[in-house]
Amino acid sequence: MENWFPINTQKNRGLPINAHPGAFGCRRKYDFHTGIDLYGTPGDWVYAIDDGIVVSVDRFTGKRPDSWWLPTDAIIVESATCNWVYGEIIPNPSIKVGDR
């Protein structure tokens, strides 16, 4: 049976918790982390956790001269229950507003 969870737990270290900078609620330099970071490797698929429609694809982080960040996108999916934000995704020009 294919792994239904949004990440492949066989290849990843599990969910970040407590003081890990990717954990929900972790105190950062200027705020608290309001998401949870799920780590993968380049080329891994990102699976939706709910049915919905892509309502936005925008830049999430960008390469700056003083930064180690790679350019990434935030994809916002509207479902029947809420909006889901998939952040720090490697840009993929095939993902467009209106996609399911």
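Tutor: A nonpolar core is a set of buried residues such as Val, Ile and Tyr, joined through side-chain atoms within 4.5 Å. Keep that in mind as we read this predicted model.

Student: Let me start with the inventory. How many helices and strands are there in the protein?

Tutor: Count the elements, then read their order. The protein has zero helices and three strands. Along the sequence the pattern is β-β-β.

Student: How do I read the sheet? In what order do the strands lie?

Tutor: Look at which strand pairs with which. The order is E1-E2-E3, in an open sheet with antiparallel pairing. Strand E1 (53–61) and E3 are the edge strands, and each pairs on one side only. Neighbouring strands are turned by 20° against each other on average, with direction ignored.

Student: How many bridges join E1 to E2? And how many join E2 to E3?

Tutor: Seven bridges join E1 to E2, and these strands run antiparallel. For E2 and E3 there are five bridges, again with the strands antiparallel.

Student: Which residues stand opposite each other across the sheet?

Tutor: Trace a row. Ser56 stands opposite Ile76 in E2. On the next pairing, Ile76 stands opposite Val85 in E3. Another pair on that side is Asp73, opposite Ile89 in E3.

Student: What joins E2 to E3?

Tutor: A hairpin, through four residues. Ala80 is found in the loop between these two strands.

Student: Is Ala80 buried or exposed?

Tutor: Exposure is judged by relative accessibility, and over 50% is exposed. Ala80 counts as exposed because its relative accessibility is 86%. The C-alpha atoms of Ala80 and Gly52 are separated by 7.1 Å, though the two residues are 28 apart along the chain.

Student: Back to the core. Which residues make up the largest one?

Tutor: Five residues: Val54, Ile75, Val77, Tyr86 and Ile89. Strand E2 (72–78) and strand E3 (83–89) each supply at least two residues of this core.

Student: What does Ile75 touch beyond its neighbours within four places in sequence?

Tutor: Its partners are Val54, Ser56, Val57, Trp84, Val85, Tyr86, Ile89 and Ile95. Among them, Val54, Tyr86 and Ile89 are also core residues.

Student: How covered is E2?

Tutor: Count its buried residues. Five of its seven residues are buried, and E2 is mostly covered. For the protein, buried residues make up 22% of the 100 residues.

Student: Thr72 is polar. Is it buried or exposed?

Tutor: Start with location: Thr72 is in strand E2. The cut-off for buried is under 20%. Thr72 counts as buried because its relative accessibility is 9%.

Student: With what does the side chain of Thr72 make a polar contact?

Tutor: With the side chain of Thr61, at 2.5 Å. Then list its wider surroundings. Not counting residues up to four places away in sequence, Thr72 touches Asp58, Arg59, Phe60, Thr61, Glu88, Ile89 and Pro91.

Student: What about Ile53: where is its place?

Tutor: In strand E1. Ile53 counts as partly exposed, because its relative accessibility is 35%. Ile53 and Val77 are 24 residues apart in sequence, yet 5.3 Å apart in space, C-alpha to C-alpha. Leaving aside neighbours within four places, Ile53 is in contact with Ile76, Val77, Glu78, Gly98, Asp99 and Arg100.

Note on methods:
Residues numbered from 1 in each chain as written. Predicted model: local features only at pLDDT ≥ 70, side-chain atom pairs only at ≥ 80, totals over all residues. Heavy atoms only, no water. Buried < 20%, exposed > 50% of the residue type's maximum accessible area, 1.4 Å probe, protein only. Contact = heavy atoms within 4.5 Å. Pairing = 2+ DSSP bridges. Axes fitted to C-alpha atoms, helices over the stretch in contact; angles between N-to-C directions. Polar contact = N/O pair within 3.5 Å; in protein donor to acceptor, adjacent residues only side chain to side chain.
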